[in-house]
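Have the structure open while you read.

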Amino acid sequence: MTFEEFIMQARELNASDIHLTVGAPTVIRVNGELQKYQELSDQVVHRTIVSILSAEQEKLLTEGHDIDFSFELKNGARQRVNVFHQEGKLACSIRLLNSKIPNLDELGMPPVVLELAKKRKGLVLVTGPTGAGKSTTLAAMIQHINETRACHIITIEDPIEYRYTQGKATIHQREIGRDVPSFDYALRSALREDPDVILIGEMRDYETIMLALTAAETGHLVFGTLHTSSAAQTVDRIIDVCPNESKEQVRSQLSNMIQGVISQSLVPLQDKKGRCAAVEIMLGTDAIKNLIRSNKVAQMETTMQGSVQQGMQTLIDGLAKLYRSGKISYQTALEYSNNPTEMEKKLMNG
C-alpha cells in the first residue's frame with residue numbers, strides 16, 4: 001500500500017488524525033476517539049515518516065528540531081503534519097484536513113457568526129482547544145468574505161491548512177517558515193501590503209497580539225485564534241501575556257477593537273456518527289467593552305446571559321440548544337459544560 005492509499009483509507013473511515021510512532025501501534029482518531037489502525041513494522045513506519053520530509057526538513061529533524069508542514073495528495077486533499085522524536089524514535093501526527101471549505105450553516109454556526117464576517121474593521125477571535133475546529137470556522141468566515149466582497153485578504157498560517165480559490169477577493173496566503181520567518185514579521189509586512197482583512201493563524205505572544213490590535217485599530221478586519229476555552233478566559237489571556245506596564249493600554253485597545261469572540265469545542269453527536277460544534281459567543285457591545293476596560297472580566301458571563309437577543313450565548317446555552325434539538329445526549333451536555341451544576345439546572349428547566 002502506498003502512503004497516499006494509506007491516507008485515503010483513513011479518510012474513508014472519517015478519521016481526523018493519524019498517529020505514526022516507531023515502536024508503537026499506529027492509531028487514528030475518529031469522532032474524537034483513538035482506535036487502532038493498521039499493524040505496520042517499525043521499519044515501514046520509520047521509512048514512511050522520512051519519505052514525506054524534504055532533505056532540509058530531514059536535516060533539521062536530525063539536529064533535534066520538530067518539523068511542522070502541510071502536504072497535498074494528488075486529488076487535492078491536504079494534511080497538516082508534525083514530526084518529532086520521542087524516546088529517541090521517530091513519531092508523527094497527521095491532521096487530515098477537509099479539501100472543501102464548509103459554509104457556516106453546514107457547521108451549525110449561529111447567524112451572528114455570519115454578521116461578524118461582514119464587519120469591516122476590528123478584531124474577531126475564534127478560540128478553543130486543539131482539534132476544536134477553529135481553523136474550519138475561520139476558513140468558512142474567510143470564504144464568505146471571498147465570495148461576497150471585493151477586498152484584499154492576507155492569511156498568515158503555520159502551516160497553510162485551507163487553500164482558497166479567489167472569488168471576489170484577492171487572497172495571499174503566507175506560510176510561516178516557507179514564505180515568512182514568523183507571525184510578527186509577517187504582520188509587520190502585511191500592514192504595508194494594502195490588506196482589508198488579515199487572518200493570523202495563532203496569536204501566541206505579546207508582539208503578535210500588539211500588532212494584531214494595531215492592525216485592527218488602523219481600520220483592518222483581523223481574525224485570530226487562541227487556545228482558550230471561554231470568552232472571559234480569552235480576554236484574560238491577552239492581558240496576562242502583556243508586560244505589567246502595558247496591561248492598561250492593551251485593555252483599552254482591546255475594549256475598543258473587539259468585535260466578537262467565538263469559543264468552541266467539538267462534542268460527539270448522539271447517533272455517534274460524528275461531532276458538532278458547541279459554541280459560546282461574546283459580542284463587543286458597549287456593556288462588554290466597559291467590562292474589559294474596567295477589568296471586570298469575571299462579570300462577562302452574566303452580561304452574556306442577559307444579551308441573548310443581541311446574539312450572545314454562553315457555552316451552557318450552546319450545549320442546551322444542541323441537547324434540545326436532539327443532536328447530543330444529556331450526558332454529553334453535562335460532560336462538556338464548564339459548570340455541570342448550572343448545566344443540569346438549565347436542562348431541567350427546559
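Is T303 buried or exposed? Keep in mind that this is a predicted model. T303 has a relative accessible area of 19%, and the cut-off for buried is under 20%, so T303 counts as buried.

You'll find T303 in helix α11, which covers residues 300-305. Leaving aside residues up to four places away in sequence, T303 touches A287, I288 and L291. Take I288: it sits 15 residues from T303 along the chain, and the C-alpha atoms of the two are separated by 7.3 Å.

Now for the helix pairs. Two packed helices are described by the angle between their axes and the distance between the axes. Here are both values for two pairs:

| Helix pair | Angle | Distance between axes |
|---|---|---|
| α9 (residues 247-257) and α10 (residues 286-293) | about 175° | 8 Å |
| α7 (residues 206-217) and α9 | about 45° | 10 Å |

With an angle of about 175°, α9 is roughly antiparallel to α10, because angles over 145 degrees get that label. On the α9 side, R251, L254, S255 and N256 meet K289, I292 and R293 of α10. Sorted by class, this contact has 2 nonpolar, 2 polar and 3 charged residues.

The other pair packs at about 45°, which makes α7 oblique to α9. α7 passes α9 in a left-handed crossing. From α7, the contact uses M210, L213, A216 and E217, while α9 brings Q249, V250, Q253, L254 and M257. These residues divide into 6 nonpolar, 2 polar and 1 charged.

Key
Residues are numbered from 1 along each chain as its sequence is written. This is a predicted model: local features need pLDDT of at least 70, side-chain atom pairs count only at pLDDT 80 or more; totals for chains, interfaces and linings use all residues. Side-chain values use heavy atoms; hydrogens and water are left out. Helices (H or I, at least four residues) and strands (E, at least two) are DSSP runs, numbered from the N terminus. Buried means under 20% relative accessible area, exposed over 50%, partly exposed in between (1.4 Å probe, protein chains only). Contact means heavy atoms within 4.5 Å. Axes are lines fitted to C-alpha atoms, for helices over the stretch in contact, and angles run from 0 to 180 degrees between N-to-C directions. Angles under 35 degrees count as roughly parallel, over 145 as roughly antiparallel, 65 to 115 as roughly perpendicular and the rest as oblique. Ala, Val, Leu, Ile, Met, Phe, Trp, Tyr, Cys and Pro count as nonpolar, Asp, Glu, Lys and Arg as charged, and the others, Gly among them, as polar. A crossing is left-handed if the near helix is turned anticlockwise from the far one by less than a right angle, and right-handed if clockwise.
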